[in-house]
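This report describes one protein model in a few short sections. Please keep the sequence and the structure in view while reading.

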Amino acid sequence: MPSFLEAPVAGAYHVLNSLVSALQPLTGAYAAVIAIVLCTVVVRLCLVPLSVRAQRGMKARAALMPQLKQLTERHRDNPERLQREVAKLQSESGTSLFAGFLPMFAQLPFFWLMYTLFSHPTVAGEANRLISGSLLGAPLGVHWPVVTGTPAFLVLAALLTVVAFFSARLQLRQLDETATPMSRRIARLLPFGTLLSAAFLPLAAGLYLLTTTTWTVAERTILLR
């Protein structure tokens, strides 16, 4: 880890450790599990304004897609003219084809910090206490192949499957009539990539993944109304 990133990671780690200590008398061995869920919820609450902007950007892109397709067919043999016409279309509509992407990129530092805190055995020069807890008998710091005698990863996989199913349905709803069969196939299958990720992540990171994807599905469901 680059040295300039050590200070924010250490600061966040100590804050979360304080949260675990506060929860310990009430939740016992599940203090770290509750801390992961609460921390994820707090981060996602902070990112709600960005998510709203992203949703508006996606709607703006969807509204422009039919016109963009017409421009592409009309000027496919003249790339320079096509570029000018696309820029003019965006200017007249007051939006951008990339309006929904900047908020998503702004979330990456938060997600990286969460992953670092919940997946590394040592943080801030000491053993990572955030992964010292357990869930259904499985230590939070271990990976799927290591644990064979507990149901923790099977429960996690089942819940991720359910969330991925609803996420795929939401993505398909957001596609318009111009979407290709390949786009629809990707939208249907991509959410299930969380299952593959969970197989290679520590249980703590998989729990974070479950919490944040569940939040995303609930948030999109509300914003699409």
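## Burial and surface

A residue is called buried when its relative accessible area is under 20%, exposed when it is over 50%, and partly exposed in between, with a 1.4 Å probe and the protein chains only. By this definition, 37% of the 225 residues of the protein count as buried.

The accessible surface of the protein comes to about 12,900 Å², and carbon and sulfur atoms hold 67% of that area. Such areas come from the Shrake-Rupley method with a 1.4 Å probe; for residues, only the protein chains shown count as cover.

## Basis of the model

The model is predicted: local features need pLDDT of at least 70, side-chain atom pairs count only at pLDDT 80 or more, and totals for chains, interfaces and linings use all residues. Residues are numbered from 1 along each chain as its sequence is written, and side-chain values use heavy atoms, with hydrogens and water left out.

## Secondary structure

The protein contains nine helices and four strands. Both are DSSP runs numbered from the N terminus, helices (H or I) having at least four residues and strands (E) at least two. From the N terminus on, the order of the elements is α-α-α-α-α-β-β-β-β-α-α-α-α.

## Contacts and the salt bridge

Contact means heavy atoms within 4.5 Å. Among contacts between residues at least 6 apart in sequence, 68% join residues at least 24 apart.

The whole structure has one salt bridge, defined as a side-chain nitrogen of Lys or Arg within 4 Å of a carboxyl oxygen of Asp or Glu. The partners are Glu 219 and Arg 44, at 3.3 Å from N to O. Glu 219 lies in helix H9 (residues 203-223) and Arg 44 in helix H2 (residues 31-46), so the pair ties together parts that are 175 residues apart in sequence. Glu 219 counts as buried, at 12% relative accessibility, and Arg 44 counts as buried at 4%.
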